[in-house]
Amino acid sequence: MGRLFDMNNKFFTFMSRVADLCILNVLCIIFCIPVITAGASITAMFYVTMKMVRNEEAYIVKGFFKSFKENFKQATMINIILLLAAGIPMLIGYFIMLQMFNITYRRSLNQEAETILNAVAGSFDSAFSNIYDGIRQLAEEEIIRKNLENGDGAGTSVYRELYAVSSKYSKYAYFSIYDAEGKKLVSVTENTYIKEKLPLDWSVLYEAGQNPGKVVVRNARLYEGEKRVEFLRAAMAVRSEKGEITGYIVATVNDGLFDNMKWGLVSEDQGVIYAMDSFQEMVYCSTDSYDEDEMRRIRREMLQDEAADS
């Protein structure tokens with residue numbers, strides 16, 4: 001019975017070894033956490049384990065730290081060499097995978113951007129086609145032509161015709177009628193700025209007068225302090241039966257109307273939409289401001305593309 005509780009019997013000896021191995025493994029794991037010391041930690045664990053097999057080691061913790069200190073430099077150097085040998089191919093593989101991902105991601109972005117641009121361009125084309133139809137309809141309307149010829153371009157009947165067309169295309173442009181001298185006679189718009197403050201750029205009327213039967217488009221830019229306002233105007237001359245200019249039909253498109261044209265096609269987090277006229281001058285930007293250097297870069301790329309195509 002006394003041997004049952006003897007600390008030197010086989011059971012307690014076995015359990016003592018199990019406890020020693022648990023302590024040894026905990027020490028090894030702790031000192032492997034800093035990867036650079038893993039080599040010395042594993043070496044110390046094997047050192048103590050071999051001592052335990054030979055019954056030469058009585059103190060597990062003391063033996064572990066003794067071996068750890070004695071073999072630290074040599075084991076650490078070997079560990080670094082092994083890490084480099086394994087790590088360099090892994091890093092190379094990582095960078096190759098990252099590069100492949102970047103290429104795939106850029107292609108995906110380019111495809112998405114091309115899809116968005118095509119959709120916006122199609123919407124703009126459709127909108128301006130409607131604007132041109134509205135201008136031609138007004139310029140060819142008999143009531144408007146007669147009243148302008150008789151000097152009564154601001155009459156009720158003219159306003160009625162203008163309102164009919166404006167209500168049809170109001171989400172694309174604001175329509176106005178000018179006399180032959182460039183004076184605004186009537187306008188249908190709820191935009192007070194366009195109605196009262198936006199000056200007329202005479203050049204668009206001059207170009208319209210020089211191109212009979214055609215709609216001409218010109219951009220304009222205003223500055224209110226540091227604020228820059230971009231807008232676009234399309235115009236067509238109204239002529240009498242003798243071919244004399246009696247007035248002009250003008251459609252004005254500002255940034256709010258451009259926003260209507262691209263509504264639902266692109267969100268702010270998908271990028272910035274720029275619109276330029278045929279002279280590569282800015283007429284619309286989907287953000288409140290834009291960088292002139294960025295615009296110059298875009299123009300250079302467009303010129304290079306045109307040169308490559310020609």
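**Close-up views of a predicted model**

View 1. Thr246 is buried, at 12% relative accessible area (buried is under 20%, exposed over 50% and partly exposed in between, with a 1.4 Å probe and protein chains only). You'll find Thr246 in strand β5, residues 245-254 (helices, H or I of at least four residues, and strands, E of at least two, are DSSP runs numbered from the N terminus). If we skip neighbours within four places in sequence, Thr246 is in contact with Leu148, Glu149, Asp179, Ala180, Val238, Arg239 and Ser240; contact means heavy atoms within 4.5 Å. A word on the model: it is predicted, so local features need pLDDT of at least 70 and side-chain atom pairs pLDDT 80 or more, while totals for chains, interfaces and linings use all residues. Residues are numbered from 1 along each chain as its sequence is written, and side-chain values use heavy atoms, with hydrogens and water left out.

View 2. In α3, which runs over residues 60-70, the buried residues include Ile60, Gly63, Phe64, Ser67 and Phe68. They sit on the same side of the helix because they cover an arc of only 135° around its axis (the arc is taken from the directions from the axis to the C-beta atoms).

**View 3. Ring pairs.** The model has 6 aromatic pairs; rings of Phe, Tyr and Trp (its six-membered ring) pair if their centres lie within 6.5 Å, with planes under 30 degrees apart called stacked, over 60 edge-to-face and the rest tilted. Take Phe128 and Phe258: their ring centres are 6.1 Å apart and their planes at 45°, so the pair is tilted. This pair links distant parts of the chain, with Phe128 in helix α4 (residues 72-140) and Phe258 in helix α9 (residues 255-261), 130 residues apart. Phe128 is buried at 14% relative accessible area, and Phe258 is buried at 1%. Tyr169 and Phe175 make a tilted pair too, since their centres are 6.5 Å apart and their planes at 50°. Tyr169 is buried at 6% and Phe175 at 0%.

**View 4. A cluster of rings.** Ring pairs tie Phe124, Phe128, Tyr132 and Phe258 together into a cluster.

**View 5. Phe14 on the surface.** Phe14 belongs to helix α1, residues 10-32, and is exposed, with 54% relative accessible area.
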